[in-house]
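Hi,

Here is the structure I promised to pass on to you. Could you open it and keep it beside you while you read the rest of this email?

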Amino acid sequence: MGYCEWASTDPLNTTYHDNEWGIPVHDDRQMFEHLTLENLQCGLSWLIVLRKRDIFRQCFDNFDYDKVAAYDDADVERIMNTEGMIRSPRKIQAVISNAQCCQKLRDEFGSLCDYFWSFTGGKTFLYQGHAKGQIPVSNGLSAKISKDLKKRGFKYVGPVTIYSHLQACGIINDHDDTCPRRQLIIENHPTATKRKDDEVY
């Protein structure tokens, strides 16, 4: 069974796979949304996250990180009381804190997207073996970015979470070799082939 077979397990997964997953992101709102969804996913199934995505968008001003960065205790309470919302004060406060950290990244790098893409020189990485299903839960790249984000005050950004984020936003192309989305991304975006996952940066 190919890796991208997960896309056929539920209509929401199919829509997400076919329209978003792995497509290079160069919009800050979308980049923050992908990162936040991965943060909120910790301890939950991805399908639950997709089912609650509209609720998350409602709670966090459609992932406008400037608006989220200005949230106060009243906003935390509002979000906690939203029907269907994940009732985790720590995760909610982490999203707000991360939004504030994103503003600092933008000040330093020009945009949130420029920060993330700076680690690959603006190219999508293709790791040898991944297209055959030899996909790790984290790697040298995600470990490096995770360490840097933590140093900058981000929360819920371990190497595994960041690896999933890099897959989602197209910095790593992990579509199966039989998946038409893989070649479509390669043909339309700058790519670079990497031989190993345990890179030393």
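Below is what turned up, starting with the ground rules and ending with the cysteines.

First, this is a predicted model, so please keep in mind that local features need pLDDT of at least 70 and side-chain atom pairs count only at pLDDT 80 or more, while totals for chains, interfaces and linings use all residues. Residues are numbered from 1 along each chain as its sequence is written, and side-chain values use heavy atoms, with hydrogens and water left out.

**The core**

In soluble globular proteins, nonpolar side chains tend to be buried together. A nonpolar core here is a set of buried Ala, Val, Leu, Ile, Met, Phe, Trp, Tyr and Cys residues joined through side-chain atoms within 4.5 Å. "Buried" means under 20% relative accessible area, "exposed" over 50%, and "partly exposed" in between (1.4 Å probe, protein chains only).

The largest core has 55 residues, and the members touching the most others are Phe 32, Phe 60, Phe 116, Leu 141, Ile 145 and Leu 149. Helix α7 (residues 89–109) gives this core its largest share, 7 residues. Helices are DSSP runs (H or I, at least four residues), numbered from the N terminus.

Contact means heavy atoms within 4.5 Å. Leaving out residues up to four places away in sequence, Phe 32 touches Phe 63, Tyr 65, Val 68, Val 95, Asn 98, Ala 99, Cys 102 and Leu 112. Leu 149 sits in helix α9 (residues 140–151) and is buried, at a relative accessible area of 0%. Beyond its neighbours within four places, Leu 149 is in contact with Leu 105, Tyr 115, Phe 116, Phe 154, Val 157 and Ile 162.

**The salt bridges**

Side chains of opposite charge can pair when their charged atoms come close. The rule used is a side-chain nitrogen of Lys or Arg within 4 Å of a carboxyl oxygen of Asp or Glu, and it gives 12 salt bridges.

Have a look at Arg 53. It pairs with Glu 20 at 2.7 Å, N to O. Glu 20 is in the loop between α1 (11–19) and α2 (28–41), whereas Arg 53 is in helix α4 (residues 53–59), so this pair links distant parts of the chain, 33 residues apart. Arg 53 also meets Glu 33, at 2.9 Å. Because Glu 33 lies in helix α2 and Arg 53 in helix α4, that pair ties together parts 20 residues apart in sequence. Glu 33 and Arg 53 are both buried, and Glu 20 is buried too.

Another bridge joins Arg 106 and Asp 66, at 2.9 Å. Arg 106 is in helix α7 and Asp 66 in helix α5 (residues 65–69), so parts 40 residues apart in sequence are tied together. Arg 106 is partly exposed, at 26%, and Asp 66 is partly exposed as well, at 34%. Elsewhere, salt bridges with shared partners join Glu 20, Arg 29, Glu 33, Arg 53, Asp 54 and Arg 57 into one network.

**The cysteines**

How many disulfides does a search of the whole structure find? It finds 0, with a disulfide being a pair of cysteine sulfur atoms within 2.5 Å. For Cys 169, the nearest cysteine sulfur belongs to Cys 113, 7.9 Å away. Cys 169 is buried, at 0%. The sulfur of Cys 179 is 3.9 Å from that of Cys 4, its closest, which is too far for a bond. Cys 179 counts as buried, at 9%.

Cheers

Conventions: Helices (H or I, at least four residues) and strands (E, at least two) are DSSP runs, numbered from the N terminus.
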